[in-house]
Amino acid sequence: MSLNKFICLTLFLALSCFAEKPVNVQRIISLAPSITDTLYTLGLESKLVGITNYCPTPPSGKKITLVGSMNPALEGLVVLKPDLVITLHSDKKTINNLNKSGIKTLNIHNDSLEKIYQSYIKIGELCGADEAAQKLVDQTKENFAELAKLHQGKSQKSLVLISRLSTTPGKLAPWVASNKSFYGEILAGLNSPSAVQNEKCFYQIPAEELILSNPDLIIILTPRELSEEQQVQEIKAWQQVPTLSAVREKKIFFIGNSHIMIPGPKISRSMNDFSQILQKASHEK
């Protein structure tokens, strides 16, 4: 062996000894329903040792420790001896506390479709489910592309609300999802772009801006299906803004289920929900 080759080999071996080795993740705590759902979908349920009170229950029925709700106590996390805690990037307090304790964290962004897809990839890479993560991304994109083919006709402006007027009578400042949110991206892909343009994904829209947006249809999201009476009350509440096209044309629709509010693997089902509403709206006169 030449001297140069010997030196190169020696340097390579030396650097390899100091290279950061991948973490062997075996004990995971999830601090958001969407993250927990992703872990289940990627086949990582067996590695979960802690979830929040709001997270979906394990498909297998396995008992997983509940660590609380928002901003769980650090002591309750540490005692579970996690290799990794996965949380949303907005949970600054918990992230700072975990970092000070030397516990490895993964901070997830999920306010856009691309960020949701990237969250699958990052979790898959860290937790040994690379192939499952890529498959999930590919299947979701394929489903979305197929749905988009159904909506190549006339475009309509939509307004997505994540609060109800009937619960705050007389208040014209509902929470809406803008074009920058994953809801806005889904609707744009289905040829029904958001009626509101804003850098904030979710915000409370002032009455004047709401009137100027003049959506062709209004879609109200709820974590569970509203009764017929509740829907009637909500539609009645919107009569205080009769100038809106969606109100005049009686195009106010509801999507109520457990997955519509969770930007995780069930986003494909949410895409289907929106597609069905848009098809219904296009056929109603």
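The structure holds 4 aromatic pairs. Before I go through two of them, note that this is a predicted model, and every value I give is computed from it.

Take Phe182 and Phe202 to begin with. They form an edge-to-face aromatic pair, with 6.2 Å from centre to centre and 70° between the planes. This pair links distant parts of the chain: Phe182 sits in helix α7 and Phe202 in strand β8, residues 202-204, and the two are 20 residues apart.

Phe202 has 30% relative accessibility and counts as partly exposed, because buried requires under 20% and exposed over 50%.

Phe202 has another partner, Tyr183. The ring centres of Tyr183 and Phe202 are 6.1 Å apart and their planes stand at 80°, so this pair is edge-to-face. Here too distant parts of the chain are linked, with Tyr183 in helix α7 and Phe202 in strand β8, 19 residues apart. Tyr183, at 2% relative accessibility, counts as buried. If you want to select the whole group in your viewer, the residues of this one aromatic cluster are Phe182, Tyr183, Phe202 and Phe274.

Next, the open space. How much space lies in the largest pocket? The value is about 760 Å³. The pocket is lined by 28 residues, and the closest to its centre are Pro33, Leu88, Asn110, Met261 and Pro263. Three elements that each supply at least two lining residues are α2, residues 33-41, β4, residues 84-88, and α7, residues 182-189. So much for position; now composition. By class, the lining of this largest pocket has 16 nonpolar, 10 polar and 2 charged residues.

The second largest pocket has a volume of about 320 Å³. Its lining consists of 17 residues, and those nearest the centre are Lys154, Ser155, Gln156, Ala281 and Ser282. Which element gives the largest share of that lining? Helix α11, residues 267-283, does, with 5 residues. The classes here are 4 nonpolar, 9 polar and 4 charged.

A search of the whole structure finds 1 cavity of 30 Å³ or more. About 40 Å³ of space lies in this largest cavity. Its lining is made up of Ser34, Ile35, Thr38, Ile108, Asn110, Ile116, Ser119, Tyr120, Ile123, Pro263 and Gly264. The element that gives the most is α5, with 4 residues. By class, the cavity lining has 6 nonpolar residues, 5 polar ones and no charged ones.

Two residues turn up in both places. Asn110 and Pro263 are among the residues closest to the centre of the largest pocket, and Asn110 and Pro263 also belong to the lining of the largest cavity.

A brief word on the strands. Strand β9, residues 217-222, is joined to β10 by 5 bridges, and the two run parallel. Which residue of β10 is the bridge partner of Ile218? That partner is Ile252. Strand β10 covers residues 252-256 and is mostly covered, with 4 of its 5 residues buried.

Last, the backbone. Lys81 is not a glycine, yet it has a positive phi of about 50°. Where is Lys81? It lies in the loop between α3, residues 74-78, and β4. Lys81 counts as exposed because its relative accessible area is 63%, where the cut-off is over 50%.

Asn191 is also not a glycine and has a positive phi, of about 65°. Asn191 is placed in the loop between α7 and β8. With 23% relative accessibility, Asn191 counts as partly exposed.

Technical notes. Residues are numbered from 1 along each chain as its sequence is written. This is a predicted model: local features need pLDDT of at least 70, side-chain atom pairs count only at pLDDT 80 or more; totals for chains, interfaces and linings use all residues. Side-chain values use heavy atoms; hydrogens and water are left out. Buried means under 20% relative accessible area, exposed over 50%, partly exposed in between (1.4 Å probe, protein chains only). Two strands pair if DSSP finds at least two bridges between them. On a 1 Å grid over the protein atoms alone, a cavity is a set of points where a 1.4 Å probe fits but cannot get out, and a pocket is an open set with protein on both sides within 12 Å along at least five of seven lines; lining residues have an atom within 4 Å of a point. Grid points are joined across faces, edges and corners, and a volume is the space filled by probe spheres set on the points. Ala, Val, Leu, Ile, Met, Phe, Trp, Tyr, Cys and Pro count as nonpolar, Asp, Glu, Lys and Arg as charged, and the others, Gly among them, as polar. Rings of Phe, Tyr and Trp (its six-membered ring) pair if their centres lie within 6.5 Å; planes under 30 degrees apart count as stacked, over 60 as edge-to-face and the rest as tilted.
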